[in-house]
Amino acid sequence: AWKKDAPCACNLGALCATFWSGGAHVAITPIAPADIRSEKGLTIAEAARQLGVKPSTLRGWESRHRIPGADDVAKLVSFYGLASAEAGRLGAFWGAP
């Protein structure tokens, strides 16, 4: 089960989302949504328009000033065409399991 505040041995500190399963430690290295957007060659305005959100909302998500809800994270995952492993890394950006 997730233990968001569990001690971590990976030295990523606050950037680490840690999953403990049967004593095994698996650190998920977060991936920044701005990096994904840039790799896709999209501006904030273009991505926001296609996602159906305001550019200020997307900017807030990318800067961690706003935390998207589960539905919004799912929308980002689908929009950017992320595989499940990458989806976990995206969720880890905001400290989500």
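Reader: Where is Arg37 found?

Author: Arg37 sits in helix H1. A helix here is a DSSP run of H or I with at least four residues, a strand is a run of E with at least two, and both are numbered from the N terminus. This is a predicted model, in which local features need pLDDT of at least 70, side-chain atom pairs count only at pLDDT 80 or more, and totals for chains, interfaces and linings use all residues. Residues are numbered from 1 along each chain as its sequence is written, and side-chain values use heavy atoms, with hydrogens and water left out.

Reader: Why does Arg37 count as buried?

Author: Buried means under 20% relative accessible area, exposed means over 50%, and partly exposed is in between (1.4 Å probe, protein chains only). Arg37 has 10% relative accessibility, so Arg37 counts as buried.

Reader: What is Arg37 in contact with, neighbours within four places in sequence aside?

Author: Contact means heavy atoms within 4.5 Å. With those neighbours left aside, Arg37 is in contact with Leu42, Thr43, Ile44, Ala47, Leu58, Glu62 and Tyr80.

Reader: What makes Tyr80 buried?

Author: The value for Tyr80 is 2% relative accessibility, so Tyr80 counts as buried. Tyr80 lies in helix H4. Leaving aside neighbours within four places in sequence, the contacts of Tyr80 are Pro33, Ile36, Arg37, Lys40, Leu42 and Ala47. Lys40 is 40 residues from Tyr80 along the chain, yet their C-alpha atoms are separated by 7.9 Å.

Reader: Why is Trp94 called buried?

Author: Trp94 comes in at 10% relative accessibility, so Trp94 counts as buried. Trp94 lies in the segment after H5. Residues up to four places away in sequence not counted, Trp94 touches Pro33, Trp61, Arg64, Arg66, Ile67, Pro68, Val73 and Leu76. One of these, Arg64, follows H3 and has a positive phi, near 70°.

Reader: What makes H2 roughly perpendicular to H3?

Author: Helix H2 (residues 44–51) and helix H3 (residues 55–63) pack at an angle of about 110°, their axes 8 Å apart. Because of that angle, H2 is roughly perpendicular to H3. The cut-offs are under 35 degrees for roughly parallel, over 145 for roughly antiparallel, 65 to 115 for roughly perpendicular, and oblique for the rest. Axes are lines fitted to C-alpha atoms, for helices over the stretch in contact, and angles run from 0 to 180 degrees between N-to-C directions.

Reader: Which residues of H2 and H3 meet?

Author: From H2, Ile44, Ala45, Ala47, Ala48 and Leu51 meet Pro55, Leu58, Arg59 and Glu62 of H3. The residues of this contact divide into seven nonpolar, no polar and two charged.

Reader: Which residues of H3 are buried, and what do they pack against?

Author: Thr57, Leu58, Gly60, Trp61 and Glu62 are the buried residues of H3. They pack against helix H1 (33–39), H2, H4 and H5.

Reader: Which members of the largest nonpolar core touch the most other members?

Author: They are Leu58, Leu76, Tyr80, Leu90 and Trp94, of 19 residues in that core. A nonpolar core is a set of buried Ala, Val, Leu, Ile, Met, Phe, Trp, Tyr and Cys residues joined through side-chain atoms within 4.5 Å. H2, H3, helix H4 (70–80) and helix H5 (84–93) each supply at least two residues of this core.

Reader: How many helices and strands does the protein chain have?

Author: The protein chain has five helices and two strands. From the N terminus on, the elements run β-β-α-α-α-α-α. Of its 97 residues, 33% count as buried.

Terms used:
Nonpolar A, V, L, I, M, F, W, Y, C, P; charged D, E, K, R; others polar.
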